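The paragraphs below lead through one structure, beginning with a single residue and widening out to the chain as a whole. Please keep the sequence and the model in view while reading.

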Amino acid sequence: MAWTLVVPLKPLIRAKSRLADAATGTTRPGLALAFAQDTVRAALACPAVSGVVVVTDDELAAQELAALGARTVPDAPGGGLNAALVHGEATVRAADPLAAVAALNADLPALRPAELERVLNTAVRFPRAFLPDAAEIGTTLLSALPENPLLPAFGGPSRARHRASGAAEIGISGVPSVRQDVDTGDDLRAAGELGLGAFTSALLAGPVRG
Ligand SMILES: Nc1nc2c(ncn2[C@@H]2O[C@H](COP(=O)(O)OP(=O)(O)OP(=O)(O)O)[C@@H](O)[C@H]2O)c(=O)[nH]1
Ligand SMILES: C=C(OP(=O)(O)O)C(=O)O
């Protein structure tokens with residue numbers, strides 16, 4: 001099964017507000033872009049992924065992510081994260097009505113293609129499925145097989161919401177890079193221990209150490 005991923009990205013100037021303390025020496029918008037670049041590049045390198053659609057109103061991010069091979073669409077609804085995801089899903093399914101679609105956060109700078117492949121190969125067994133984030137509170141990936149709506153309920157404690165919505169929780173081990181979203185300085189250190197992608201590493205001028 002080939003998946004089309006929908007990656008939401010808010011305008012870089014507003015992104016990653018909780019990283020303020022960790023962003024000394026670099027800029028939050030720059031980090032948010034580097035996270036998205038590492039996420040999209042790893043996603044496109046995953047054999048289970050046929051394409052990535054980024055939903056963003058940020059012109060620079062759209063340009064840079066398109067250069068990696070992503071399709072980009074404006075955040076036409078302008079109604080927040082879940083509305084952006086529904087819009088991305090509709091865009092994908094307008095072009096391919098039988099697409100398998102998964103939403104993936106843009107803040108996974110340690111993402112490994114082989115780990116994403118394991119997650120997607122598990123997701124294929126359920127009409128809808130999700131992967132909890134490393135903190136076990138939020139969600140980093142939500143999937144829907146053909147003819148199933150994504151029904152995204154991201155934001156804050158979304159693990160419980162996705163579970164309550166009937167999506168299956170993906171409980172496999174050994175996929176830390178797909179679960180390690182980065183919102184805080186501690187998250188960034190944890191991602192550094194897993195191994196940051198090239199864009200984020202370059203920005204931070206070397207591996208992140210505790
Ligand atoms: N297109 C789009 N993406 C969004 C929107 N809100 C959030 N996102 C993206 O959804 C993911 C999770 O977003 P949040 O945790 O709300 O925001 P964040 O920028 O990661 O971090 P904070 O500013 O610290 O909350 C990130 O990839 C965001 O860029 C939105 O309104 N539109
Ligand atoms: C939006 C989410 O992520 P976070 O706020 O942790 O970036 C979520 O987990 O639903």
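Thr139 is found in strand 6, which covers residues 139–144; strands (E, at least two residues) and helices (H or I, at least four) are DSSP runs, numbered from the N terminus. This is a predicted model, in which local features need pLDDT of at least 70 and side-chain atom pairs count only at pLDDT 80 or more, whereas totals for chains, interfaces and linings use all residues. Residues are numbered from 1 along each chain as its sequence is written, while chains are lettered from A and ligands numbered from 1 in the order in which they are written.

Thr139 is buried, because 26 other C-beta atoms lie within 10 Å; a residue counts as buried if 20 or more other C-beta atoms lie within 10 Å of its own, as exposed if 12 or fewer do, and as partly exposed in between, with C-beta atoms placed from the backbone. Leaving aside neighbours within four places in sequence, the contacts of Thr139 include Phe130, Leu131, Pro132 and Asp133, and also Phe154, Ser158, Arg159 and His162, a contact meaning that the C-beta atoms of two residues, placed from the backbone, lie within 7 Å.

In an unreviewed entry, UniProt lists Thr139, Gly155 and Ser158 under "binding site"; the positions are given in the numbering used here, feature names are shortened, and annotations may be inferred rather than shown by experiment. Although these residues are spread over 20 residues of sequence, they cluster in space, with a largest C-alpha distance of 8.3 Å. Gly155 has its place in the loop between strand 6 and helix 5 (158–164), and it is exposed, because 12 other C-beta atoms lie within 10 Å.

The residues around ligand 2 are Asn105, Asp107, Asp133, Gly138, Thr139, Phe154, Gly155, Ser158, Asp181 and Asp183, where a residue is near a molecule if its C-beta atom, placed from the backbone, lies within 6 Å of it. By class, this shell has one nonpolar, five polar and four charged residues; Ala, Val, Leu, Ile, Met, Phe, Trp, Tyr, Cys and Pro count as nonpolar, Asp, Glu, Lys and Arg as charged, and the others, Gly among them, as polar.

Around ligand 1 there are 17 residues, of which Pro8, Ser17, Arg18, Ala84 and Ala106 come nearest. Strand 1 (3–9), strand 2 (49–56) and helix 3 (81–95) each supply at least two residues of the shell around ligand 1, and by class that shell has seven nonpolar, four polar and six charged residues.

Two loop residues call for a look at the backbone. Glu136, in the loop between strand 5 (128–132) and strand 6, has a phi near 65°, a positive value in a residue other than glycine. Glu147, in the loop between strand 6 and helix 5, likewise has a positive phi, near 70°.

For the chain as a whole, the secondary structure comes to eight helices and seven strands, and buried residues make up 48% of the 210 residues. Among contacts between residues at least 6 apart in sequence, 66% join residues at least 24 apart.

As for confidence, the mean pLDDT of the chain is 94, and 95% of its residues reach 70 or more, pLDDT being the predictor's confidence in each residue, from 0 to 100. Over residues 206–210, however, the pLDDT is below 50, and this stretch has ten contacts in the model beyond near neighbours in sequence. The predictor gives the complex an ipTM of 0.96 and a pTM of 0.96.
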